[in-house]
Amino acid sequence: MERHSKLGLLVTLFFMVLCLNAQEEENKKVSHDVELEVEGEYRFFYEESQFEGQEDHYPSIAFRPEYSAEWDKGYQSVNFKGFFRWDRDNERTHWDIRELYYQKAKNNWELSVGLKKVYWGVIESNHLVDVINQTDAVETFDGEEKLGQPMVQFSLITNKLGTFDFFYLPFHRKRTFPGEEGRLRFGTVIDQDDLGYESGAEEWRQDIAIRWKHYVGAFDIGLSHFYGNGREPLFVFTPTGDVDAFYPVINQSGLDLQITHNAFLWKLESIYRHADAQDFFALAAGLEFTFSNIDGNGLDIGVLGEYLYDERDELALTALQNDIFFGSRIAFNDVQDTSILLGGIKDLEQSSTIFSMEASRRFGSNWTAEVEARIFSNIDDSELILANFRQDSFLRIAISRFF
């Protein structure tokens, strides 16, 4: 629980800042908004487990409360998003403050102080440039879920030169990993508290980042640089099969680009990451073409294709080193907001293939149903990362109620 106490200290400090500001604004009109999502989830892994202690059935329940308060005609606000899940895997039973920050906007600038989530990138299958927030790896396999990151963010918006974002990141959060009972884990159970740091300041190293983004005609471009504790641990596999890992200090420069031309979206993300222990280049490029309003019924079908390259080869933690992604995004644009994403990732050097399906649909006025499936097919023995998941194909069903 030590990691939670450190997070609690940070939350207390940020909350004191928010309270001081709230006292100054107490005589102004404040609008409040409160929401709660309660989710029941069931995951079924239909193949026999690869490692001892793992289960096949994983029921769980999650709570996602949200609160926001605005005043000063919306130019100042406090925003909160919480998260708690109870799961059969003790390590997947966890809580997090996804967001708790104060924001002030004035003229052409914005200031945010607190825990926040920031997303960078345009690629569907692999988010290379997205380096601010830590991945919540026990929540999802694809890295879509992120932990709240303590930060001070200052954004300067200009008409001709684009937007400049500056980040001060005072505390590093460690990646979550499944426990002994959990699936989608390594043969050796990784305790996140055992992972060390290259920096002597450990998690209290003061990190910084900057990003520039701009729209020029059909071009949507972003350039970024991050300096600090890497969000991705560096793994070293010993001859006996054990795993040694630590968080290196990195310099990462990134580019994300999207070009819109009629029904085409051309996409590119690339990074160069330097660390004393490892330098590498990674690239993801692709396109998306959408057939809109098919037969006049509002049905949109998008076709996606992406190429994924990583110089780390089999040591890439994403296991995407020389692969192609193919998929289709189907949006029915109906009242129930029905959508389906079908896809697959094929290794160009080995037989390894991952198939995926994600679908969601609202029913009633306050309910949502989600179905997700992942199939690991013909995973090659040479896949140092992916071979650990070869028997972890699963089906996930979730029902959510919104209050």
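# Tour of charged and aromatic contacts

Select Lys146 first. Its relative accessibility is 11%, so Lys146 counts as buried. The cut-off for buried is under 20% relative accessible area. Keep in mind that this is a predicted model.

Show both side chains: Asp130 and Lys146 form a salt bridge, with 3.9 Å from N to O. Both residues lie in the loop between E5 and E6, 16 residues apart.

**Other salt bridges**

The model has 37 salt bridges. Go next to Glu41 and Arg85. Their side chains meet in a salt bridge at 3.5 Å, N to O. Colour the strands: Glu41 is in strand E1 (residues 31-45) and Arg85 is in strand E3 (residues 76-87), so this pair ties together parts 44 residues apart in sequence. Buried or exposed, Glu41 and Arg85? Both Glu41 and Arg85 are buried.

Move on to Glu124 and Arg329. The salt bridge between these side chains spans 3.0 Å, N to O. Trace the chain between them: Glu124 sits in the loop between strand E5 (109-116) and strand E6 (149-158), while Arg329 sits in strand E17 (residues 322-331), 205 residues apart. Glu124 has a relative accessible area of 21%, so it is partly exposed. Arg329, at 30%, is partly exposed too.

**Aromatic pairs**

There are 16 aromatic pairs to look for. Start with Phe45 and Phe394. Their ring centres are 5.3 Å apart and the planes meet at 45°, so the pair is tilted. Phe45 belongs to strand E1 and Phe394 to strand E21 (residues 394-402), so the contact ties together parts 349 residues apart in sequence. Phe45 and Phe394 are both buried.

Then select Phe264 and Trp266. This aromatic pair is stacked, with 5.6 Å centre to centre and 20° between the planes. Phe264 has a relative accessible area of 28%, which makes it partly exposed. Trp266 is also partly exposed, at 40%.

Which residues form one aromatic cluster with Phe141? Select Phe186, Phe376 and Phe389 alongside Phe141 to display the cluster.

**Charges over rings**

Two stops remain. Pick Arg205 and Tyr227. The charged end of Arg205 sits over the Tyr227 ring, 4.5 Å from its centre. Finish at Arg401 and Phe403. Look down onto the ring: Arg401 lies over the face of Phe403, at 4.5 Å from the ring centre.

How values were computed:
Residues are numbered from 1 along each chain as its sequence is written. This is a predicted model: local features need pLDDT of at least 70, side-chain atom pairs count only at pLDDT 80 or more; totals for chains, interfaces and linings use all residues. Side-chain values use heavy atoms; hydrogens and water are left out. A salt bridge is a side-chain nitrogen of Lys or Arg within 4 Å of a carboxyl oxygen of Asp or Glu. Helices (H or I, at least four residues) and strands (E, at least two) are DSSP runs, numbered from the N terminus. Buried means under 20% relative accessible area, exposed over 50%, partly exposed in between (1.4 Å probe, protein chains only). Rings of Phe, Tyr and Trp (its six-membered ring) pair if their centres lie within 6.5 Å; planes under 30 degrees apart count as stacked, over 60 as edge-to-face and the rest as tilted. A charge sits over a ring if NZ of Lys or CZ of Arg is within 6 Å of the ring centre and within 35 degrees of the ring normal.
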